[in-house]
Amino acid sequence: MHEPLSQKLAQIIRQHDGPEGITLNQLMERTEGRGFFLVIILLVLPFLVPVSIPGTSTVLGLSVVLLTLRLAFGQSARLPKFIGGRKISPAFREKILGGSVKFLRFVEKLIKPRKTRWLAAPWAVSANALLMTYLGCLLALPFPPLPPFTNSLPAYSLILVAVSTMEEDGVMIWAGYAATIATTIYLFFVAEGLQFIFVKAYHWFQHF
């Protein structure tokens, strides 16, 4: 049984409470690679609400894609230096990382290591990483603010898959798979609906 990430993260925040700070790469190193999943969670937290700020999902979704591709191909859990080498400000540590500790404590009540043998296999780690890459691509799609949930559904699916993989929960991971399927179906119908509206509007303008 490994140490809960929320406990490890709280310890790291206490140790680096001074002005010297800590970088995202150092955070991932000191959480023994599990901070890799923490960074993914941090990137998608702004999209847990039904309607988010337009444009941000594309940037953060592509960041998720880059991170998860590294995991899928067995590369080290590190961010490029211009991102991962920057010091985390005290305000960020208090507001974002502090909030993440509370969020992780809630999640850890539901998700825990169980039936993990197959999840630890290299092929399973790579497959789940590629699934998160796919969800990152869905998050990055430039949907308009309405209809709702076009960003939040990929975000929730990403968190389920990421946390289940991180905590080696071979039961809850299936909820992540189900959420991914539901998200795909929903976004497919949204895209079809938007295409129908666009075509109708185009023909209407042509007519006039």
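## Basis of the model

This is a predicted model, in which local features need pLDDT of at least 70, side-chain atom pairs count only at pLDDT 80 or more, and totals for chains, interfaces and linings use all residues. Residues are numbered from 1 along each chain as its sequence is written, and side-chain values use heavy atoms, with hydrogens and water left out.

The structure holds 4 aromatic pairs. Rings of Phe, Tyr and Trp (its six-membered ring) are paired if their centres lie within 6.5 Å; planes under 30 degrees apart count as stacked, over 60 as edge-to-face and the rest as tilted. Phe188 and Phe189 form an edge-to-face pair, with 5.5 Å centre to centre and 75° between the planes.

Ile181 is placed in helix H9 (residues 173-207); helices (H or I, at least four residues) and strands (E, at least two) are DSSP runs, numbered from the N terminus. Residues are classed as buried under 20% relative accessible area, exposed over 50%, and partly exposed in between (1.4 Å probe, protein chains only). Ile181 is exposed because its relative accessibility is 54%. Phe189 is likewise exposed at 57%, while Phe188, at 47%, is partly exposed.

The 17 residues of helix H4 (residues 56-72) should span 24 Å at 1.5 Å a residue, and the end C-alpha atoms are 24 Å apart, which agrees. The expected span is 1.5 Å times one less than the number of residues. Ser57, Gly61, Val64, Val65, Leu67, Thr68, Leu71 and Ala72 are the buried residues of H4. Their cover includes helix H3 (35-44), H7 and H8, contact being heavy atoms within 4.5 Å. Just after H4, Gly74 takes a positive phi of about 70°.

Helix H3 is itself mostly covered, with 10 of its 10 residues buried. Among them are Phe36, Phe37, Ile40 and Ile41.

## The salt bridge

A search of the whole structure finds 1 salt bridge, defined as a side-chain nitrogen of Lys or Arg within 4 Å of a carboxyl oxygen of Asp or Glu. Asp169 pairs with Arg114, the closest N and O atoms being 2.8 Å apart. Asp169 lies in the loop between H8 and H9 and Arg114 in the loop between helix H6 (90-110) and H7, so the pair ties together parts that are 55 residues apart in sequence. Asp169 is buried, with a relative accessible area of 0%, whereas Arg114 is partly exposed at 25%.

## Positive phi in the loops

Most residues other than glycine have a negative phi. Phe149, in the loop between helix H7 (122-140) and helix H8 (152-166), has a positive phi near 70°. Phe149 is partly exposed, with a relative accessible area of 36%. Glu168, in the loop between H8 and H9, has a positive phi near 55°. Glu168 is partly exposed, with a relative accessible area of 32%.
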